[in-house]
Amino acid sequence: MHVVYPAIVSALLFSIGVYGVLARRNTILVLMSVELMLNAVNLNLVAFDVWLRDRLHGGQVLTLFVIVIAAAEVGLGLAIVLALYRNRQTVDLDRLRALAEPSSVTPATPAPGPAAPGVSPSAPGIASAGYEGPAPTPGAASAPDAGSAPGPGPAAAPEPDDQRTRAGGEGGMADDAAAPSAAGGERTTRRREES
Amino acid sequence: MTEAVPSYLSPTGQEIVFLLLGAVAVGAGLLVVTTRQLVHAALWLVVCFGAMAGCYLVLTAEFVAWVQVLIYVGAVVVLLLFGIMLTRAPIGRSADLDSGNKTVAAIVAVATAAVLVTVVIDGFRTAYTPLDPGTGAAKELGSTIFRNWVLPFEALSVLLLAALIGAIVISRTDIRGRN
């Protein structure tokens with residue numbers, strides 16, 4: 001067996017997978033294309049294992065591992081897709097622009113921002129769910145601050161309040177100033193315990 | 001490894017079978033990424049994976065072939081079909097399965113294929129291996145997994161457990177994160 005044959009078949013399958021990932025819109029079809037690419041890699045691994053006559057059978061064992069990892073990957077990916085479908089009622093990749101820049105070209109869904117809760121009244125949890133991603137970041141960033149500055153730090157307290165008011169789309173910066181320092185201190189101590 | 005290379009013009013029976021199976025796999029893969037029906041894409045994926053399993057069999061990797069049939073055809077495609085069903089995908093033709101950047105994707109894919117095939121042909125033109133059966137049987141592979149690859153095997157089981165728990169946590173709605 002010429003080694004070129006499996007190598008060419010796997011290269012063609014990999015390119016087909018690349019096309020599918022780039023051209024498909026449905027998330028499940030993109031997952032299928034990823035599986036095609038993984039299979040191309042598996043074919044290469046088996047062919048080179050046979051060619052090199054590996055005594056440890058590294059190629060075939062790695063193929064088995066890749067198959068198992070692909071099964072785990074597709075399970076997790078489908079769980080994510082189903083969670084997405086539950087929240088957004090769509091699995092189209094073009095419509096999922098919650099992480100894009102707000103000033104990009106005319107998204108199909110309302111751009112995530114302060115105006116999002118008003119525009120989509122059918123799913124009120126979407127906008128806040130979209131902000132659960134960025135919300136832990138300032139908390140994690142301010143945790144070392146609370147550690148370096150002991151005691152109730154009012155400087156670290158307004159950050160979560162700022163996030164919440166922006167996500168809720170109501171109130172303003174006055175809410176930050178009116179945040180009780182006792183609650184802020186309690187929050188920082190709790191965060192320090194978590195970290 | 002690389003002895004006297006037989007001519008490409010007189011293929012052996014194994015090579016003919018492999019090339020036919022490879023053509024089936026590539027054609028089914030093309031249909032997976034171009035069909036307009038979502039369920040048909042999953043079913044063409046079955047054909048593609050089955051042909052790949054045949055390729056593994058021709059390459060004397062029997063155990064990998066059966067694992068491929070069991071896990072890919074048996075589990076992954078069924079999972080994908082469940083995903084299609086649970087996202088209420090339309091049964092039948094749907095026009096919006098392809099996004100707008102189809103031509104760019106085709107250009108990128110053709111460029112990738114051209115580069116890969118050129119490099120592969122240039123690099124492995126003289127590589128030839130005779131196929132002797134039995135080297136990829138379950139006995140050989142099992143003994144080498146549990147002798148030489150035990151630690152990756154165990155780590156992989158932990159990873160599977162983590163993926164299982166993660167999938168459960170993601171897909172359940174009554175588990176809330178701490179706010």
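These questions and answers cover chains A and B of a predicted model.

Trainee: Which residues of chain A does UniProt place in the feature "transmembrane region"?
Mentor: The model is predicted, and the annotation comes from an unreviewed UniProt entry. Over residues 6-22 the chain is 100% helix and 0% strand. Residues 29-52 are likewise 100% helix and 0% strand. The UniProt spans are residues 6-22, 29-52 and 64-85 of chain A.

Trainee: How far apart are the end C-alpha atoms of residues 29-52 of chain A?
Mentor: Start with residues 6-22 of chain A, where the end C-alpha atoms are 24 Å apart. Now take residues 29-52, a span that is 100% helix. Its end C-alpha atoms lie 35 Å apart.

Trainee: What is the run of elements in chain B from the N terminus on?
Mentor: Chain B has zero strands. Its helices number six. The run is therefore α-α-α-α-α-α.

Trainee: Is chain B compact or spread out, against the globule rule?
Mentor: The globule rule gives 16 Å for 179 residues. The radius of gyration of chain B is 21 Å, well over that value. Its C-alpha atoms fill a box of roughly 65 × 45 × 25 Å along the principal axes.

Trainee: Where does UniProt put "transmembrane region" in chain B?
Mentor: This annotation is also from an unreviewed entry. Residues 41-59 are 95% helix, with end C-alpha atoms 27 Å apart. Residues 149-170 are 95% helix too, with ends 31 Å apart. The annotated spans of chain B are 16-34, 41-59, 65-91, 103-121 and 149-170.

Trainee: Which helix of chain A gives the most to the side that touches chain B?
Mentor: In the contact, 62 residues of chain A meet 76 residues of chain B. H1 (4-23), H2 (27-52) and H3 (58-88) of chain A each supply at least two residues of that side. By class, the side has 48 nonpolar, ten polar and four charged residues. The top contributor, with 20 residues, is H3(A).

Trainee: How do H1(A) and H1(B) lie to each other, roughly parallel or roughly antiparallel?
Mentor: H1(B) covers residues 13-34, and its axis is 9 Å from that of H1(A). The two pack at an angle of about 5 degrees. Angles under 35 degrees count as roughly parallel. H1(A) and H1(B) are therefore roughly parallel.

Trainee: How many nonpolar residues are in the contact of H1(A) with H1(B)?
Mentor: H1(A) brings residues including Val9(A), Leu12(A) and Ile16(A). From H1(B) come Phe18(B), Leu19(B) and Val26(B), among others. Three residues of the contact are polar and one is charged. The nonpolar count is 14.

Trainee: At roughly what angle do H2(A) and H2(B) cross?
Mentor: H2(B) is residues 38-58, and its axis comes within 11 Å of that of H2(A). Residues of the contact include Leu36(A) and Leu43(A) on one side and Leu45(B) and Phe49(B) on the other. By class the contact has 14 nonpolar, one polar and one charged residues. The helices are roughly parallel, and the crossing angle is roughly 5 degrees.

Note on methods. Residues are numbered from 1 along each chain as its sequence is written. Chains are lettered from A and ligands numbered from 1 in the order in which they are written. This is a predicted model: local features need pLDDT of at least 70, side-chain atom pairs count only at pLDDT 80 or more; totals for chains, interfaces and linings use all residues. UniProt positions are given in the numbering used here, feature names are shortened, and annotations may be inferred rather than shown by experiment. Helices (H or I, at least four residues) and strands (E, at least two) are DSSP runs, numbered from the N terminus. Two residues are in contact if their C-beta atoms, placed from the backbone, lie within 7 Å. Ala, Val, Leu, Ile, Met, Phe, Trp, Tyr, Cys and Pro count as nonpolar, Asp, Glu, Lys and Arg as charged, and the others, Gly among them, as polar. The radius of gyration is taken over C-alpha atoms; the globule rule is 2.2 Å times the number of residues to the power 0.38. Axes are lines fitted to C-alpha atoms, for helices over the stretch in contact, and angles run from 0 to 180 degrees between N-to-C directions. Angles under 35 degrees count as roughly parallel, over 145 as roughly antiparallel, 65 to 115 as roughly perpendicular and the rest as oblique.
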